[in-house]
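Please look over the sequence and the structure before turning to the points below.

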Amino acid sequence: MSTFYIFFVAFAAVFVAMPLNIYASKKFGLVDVPKDKRRMHDKPVPTMGGITIFIVVIIVALIFIPHSKRLFSLLLGGVVIAVSGMIDDVKNLRPIYKLIAQIIAAIIAVSGGLKIQFISNPFVSNEIIDLKLFGTILTIIWIVGVTNALNFVDGMDGLCAGLASISAITFYIASDRGGFAPLLALAIAGAALGFLPYNFNPAKIFMGDTGALFLGYTLACISIEGVVKSVATISLILPIFILALPVFDTLFAMIRRKLNGQKIMSADKGHLHHRLVQKGFTVKQTVLILYAIAIVFSVLGILIGRVEPSLQLTLSLICLVAVITLAGFFGLFKKNGQDTQQGGIH
């Protein structure tokens with residue numbers, strides 16, 4: 001029996017419920033007011049769209065996906081992430097408290113059995129390395145890192161929702177069909193795409209930290225459960241490629257801020273989407289370009305994931321050099337003259 005109904009249920013639920021969310025957000029004053037030059041909008045916009053995404057994914061998972069300890073631990077961690085995001089959207093939670101919540105969520109997921117335990121040895125054919133305790137540490141770092149990466153790229157109408165749906169669809173294609181990961185990936189893809197018509201430029205609503213953090217956390221967990229733990233692809237290479245755009249954009253932002261003496265968690269206008277707009281592209285053109293880049297990386301990841309581990313490493317290094325070169329060309333390591341403000345952007 002086809003499982004695509006999960007996608008359509010999630011899509012329809014978010015799409016139908018979002019107008020109510022928009023109305024309620026405006027009524028209770030839950031809007032993002034453009035108060036600095038980093039924001040890409042010029043009028044107040046509702047900012048609690050992520051609540052609907054979160055609720056729909058949780059309900060769809062509990063109803064349509066076979067229950068397991070790993071699924072429940074993932075969803076419980078997702079609740080922690082979403083609650084911290086809601087508080088931040090309303091009261092601007094301090095970064096350290098958000099980080100603590102993310103670590104707690106990652107620990108909950110790991111305690112349920114969702115962990116990077118083995119990887120392929122790229123230098124010895126058919127040899128598997130048991131990561132032991134390091135696997136737990138690596139899993140927590142990966143979950144927290146991807147969670148923040150999706151949040152950091154939520155800086156332009158439709159960008160985060162579109163990238164999340166592309167990644168989720170790719171994870172569905174690449175995941176081991178024996179677990180819950182591909183089903184949850186369908187729910188994420190459906191919910192993100194159901195939100196996108198209201199969030200594409202000009203956005204009627206933002207997903208806020210609630211949505212961006214929850215999508216990032218869930219995709220990070222799906223990547224571990226569905227791809228890294230797959231017998232055919234015991235490697236982090238494929239998930240890194242699928243999430244390449246938010247992951248590398250975040251890494252380059254951290255390097256850029258460090259080189260320029262800024263706080264690593266501060267916001268700026270040096271992200272790739274900002275650089276493309278500065279080069280003359282419209283918001284819609286920029287978002288579509290980034291969608292295309294994400295799709296290219298996803299396809300490359302699937303293709304590279306099907307070759308021998310040693311060749312995977314070589315091809316990945318070549319791609320890494322190309323990415324760093326292009327990042328330098330687009331000025332992702334240079335300080336922007338207006339990037340001294342702090343806070344989130346849209």
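The model shown here is predicted. The chain exposes about 15,200 Å², and carbon and sulfur atoms supply 70% of that area. Its secondary structure comprises 13 helices and 4 strands. The radius of gyration is 19 Å, close to the 20 Å that the globule rule gives for 346 residues, so the chain is as compact as a globular protein of that length.

**Overall form and packing**

- Taken along the principal axes, the box filled by the C-alpha atoms of the chain is roughly 55 × 45 × 35 Å.
- Of the 346 residues in the chain, 55% are buried.
- Among contacts with a separation of 6 or more, 76% are between residues 24 or more positions apart.

**Charged side chains**

- The chain carries 28 positive and 16 negative side chains.
- The centres of these two sets lie 5 Å apart.
- A search of the whole structure finds 3 salt bridges.

**The salt bridge between Arg-70 and Glu-225**

- The side chains of Arg-70 and Glu-225 form a salt bridge, with an N to O distance of 2.9 Å.
- Arg-70 belongs to helix α3 (residues 69-91) and Glu-225 to helix α8 (residues 208-228), so this pair ties together parts that are 155 residues apart in sequence.
- Arg-70 has a relative accessibility of 30% and therefore counts as partly exposed.
- Glu-225 has a relative accessibility of 8%; because buried means under 20% relative accessible area, Glu-225 counts as buried.

- Lys-98 forms a salt bridge with Asp-88, and their closest N and O atoms are 3.4 Å apart.
- Lys-98 lies in helix α4 (residues 95-111) and Asp-88 in helix α3, so the pair ties together parts that are 10 residues apart in sequence.
- Lys-98 and Asp-88 are both buried.
- Asp-209 and Lys-98 also meet through their side chains in a salt bridge, at 3.1 Å from N to O.
- This second pair links distant parts of the chain, since Asp-209 is in helix α8 and Lys-98 in helix α4, 111 residues apart.
- Asp-209, like Lys-98, is buried.

**Gly-194 in helix α7**

- Gly-194 is found in helix α7, which covers residues 181-199.
- With a relative accessibility of 0%, Gly-194 counts as buried.
- Gly-194 and Phe-15 are 179 residues apart along the chain, and their C-alpha atoms are separated by 4.6 Å.
- When residues up to four places away in sequence are not counted, Gly-194 touches Phe-11, Val-14 and Phe-15.

**Ala-203 in a loop**

- Ala-203 is located in the loop between α7 and α8.
- The relative accessible area of Ala-203 is 12%, and this residue is buried.
- Leaving aside neighbours within four places in sequence, Ala-203 is in contact with Val-45, Asp-157 and Tyr-198.
- From C-alpha to C-alpha, Ala-203 and Val-110 are 36 Å apart in space, and they are 93 residues apart in sequence.

Definitions and conventions:
Residues numbered from 1 in each chain as written. Predicted model: local features only at pLDDT ≥ 70, side-chain atom pairs only at ≥ 80, totals over all residues. Heavy atoms only, no water. Helix = DSSP H or I, 4+ residues; strand = E, 2+ residues; numbered from the N terminus. Rg over C-alpha atoms; globule rule 2.2 N^0.38 Å. Buried < 20%, exposed > 50% of the residue type's maximum accessible area, 1.4 Å probe, protein only. Contact = heavy atoms within 4.5 Å. Areas by Shrake-Rupley, 256 points an atom, 1.4 Å probe, with all protein chains shown as cover. Lys, Arg positive; Asp, Glu negative; His and termini not counted. Charge placed at Lys NZ, Arg CZ, Asp CG, Glu CD. Salt bridge = Lys/Arg side-chain N within 4 Å of Asp/Glu carboxyl O.
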